[in-house]
Amino acid sequence: MAIGAIGYMVVGVDSNGNSAGTLSNSPTGGCQEFLPFISEGFAITKDDVPDPSITGIWDQDAVFNGIQRVEGNVSILAHPILTGYFLRAAFDTNSTYFVTSIGNGILGVTAPVSAGIRAHHFITRNNQFCTGSGSDLPTLSFEIFRGPQGQGSAFAYYNCAANNLEMTFEAGQPGRVSADFIGRDHGRVARRATLTYGRPEVYIWCSGSVQIGGTWSPILESATWRVENALQGIARLDGRCRGYDLIKRTDFRRIFVSGTLGFANDLEYEAFIAGSETTYRMTFKGDNDLNGTNTKNTLLLDAPRVRYNAYPVAVGGPGRVVVNFTAQCLYDNTSNYALQIFLVNTRISGYNVNSNG
């Protein structure tokens, strides 16, 4: 019998060529980074087609093979390096810099000059990873072993783009990252004989700082950032396979931030009533960097235009009054984005390269 505890996941970065034109059933060099995960839900759904022909009998006579949809969710802890794979699959553009090249003022931290530290920049823009074919967003491939122990083979899911991405931070808990993927193909691969994991550090609640409207805020108790890319898998008459050939946008991208605020003053409520906009900026450091000036593991989320959709203030009992708000991040003409994320870590390679660091 298979037991989840002995499962494993390996992720690989697809190149532009692997997601355009002909389908590639593995990133160059294969999946390389072992990914500690909380849960996964990849599945193949078959949209088989019933035969509508009338043959003089009451029973349905035949069913034909239809589209095989590759879809699934993966959830991990918000890790300084591994989080970048999920960000790559959900954002249009990513670049890699020396930390000092982007200015410490952007990060809001004192960053050391080090050849072993990079700042990876993810930004929502109007780019297409593959124009005309393949996926509108960068893709990943996953290799997942589900057991039984010592037997069988691993499941493989190829060219997967993040349709929805959520990053959740809550007081008293490490951050979590979750993504809903749409893939282009699937298969089976040999089970790995040796598992190599590392880098257990994560972003934790007490390492966070929050600015709302440019002012440091002590009242935010939890926050969830959600990117909805409105992707859809599209099949073509290509003679290639029964899966999706294209993964394309079908609607506007929408970005939301929601969470819990302690009701300490009327400022955000008045902004909600007036329909005015504010800015949100959240910064997190790795657990090992918390009590020093070392910033090799830093995460910055920056939204220049945020408009509250709901800000319900109510007394629910004798305890504290809190507000479970929702807000949307809108495109800012000055910044040319709705959301940008900087991920500072020790990964030297950019996330466009299939490498484990």
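Guide: Let's start with a term: a disulfide, here, is a pair of cysteine sulfur atoms within 2.5 Å. Keep in mind that this is a predicted model.

Visitor: Okay, how many disulfides does that rule give?

Guide: The general idea is that a disulfide is a covalent bond between the sulfur atoms of two cysteines. In this model the count is zero. Take Cys31: the nearest cysteine sulfur belongs to Cys160 and sits 9.3 Å away, so with a cut-off of 2.5 Å Cys31 is in no disulfide. Cys160 is likewise in none, its nearest cysteine sulfur being that of Cys31.

Visitor: Are those two cysteines buried or exposed?

Guide: Anything under 20% relative accessible area counts as buried. Cys31 comes in at 11%, so it is buried, and Cys160 is buried at 0%.

Visitor: What does Cys160 have to do with Phe181?

Guide: They touch: Cys160 is one of the residues in contact with Phe181, and others among them are Phe42, Val70, Phe86 and Ala161. Phe181 lies in strand E10, residues 176-183, and it counts as buried because its relative accessibility is 2%. Leu140 is another contact; Phe181 and Leu140 are 41 residues apart in sequence, with C-alpha atoms 9.2 Å apart.

Visitor: Which side chains does Asp14 make polar contacts with, then?

Guide: From the loop between strands E1 (8-13) and E2 (33-34), the Asp14 side chain makes a polar contact with the side chain of Thr139 at 2.8 Å and with that of Asn159 at 3.0 Å.

Terms used:
Residues numbered from 1 in each chain as written. Predicted model: local features only at pLDDT ≥ 70, side-chain atom pairs only at ≥ 80, totals over all residues. Heavy atoms only, no water. Helix = DSSP H or I, 4+ residues; strand = E, 2+ residues; numbered from the N terminus. Polar contact = N/O pair within 3.5 Å; in protein donor to acceptor, adjacent residues only side chain to side chain. Buried < 20%, exposed > 50% of the residue type's maximum accessible area, 1.4 Å probe, protein only. Contact = heavy atoms within 4.5 Å. Lists of a residue's contacts leave out its neighbours within four places in sequence.
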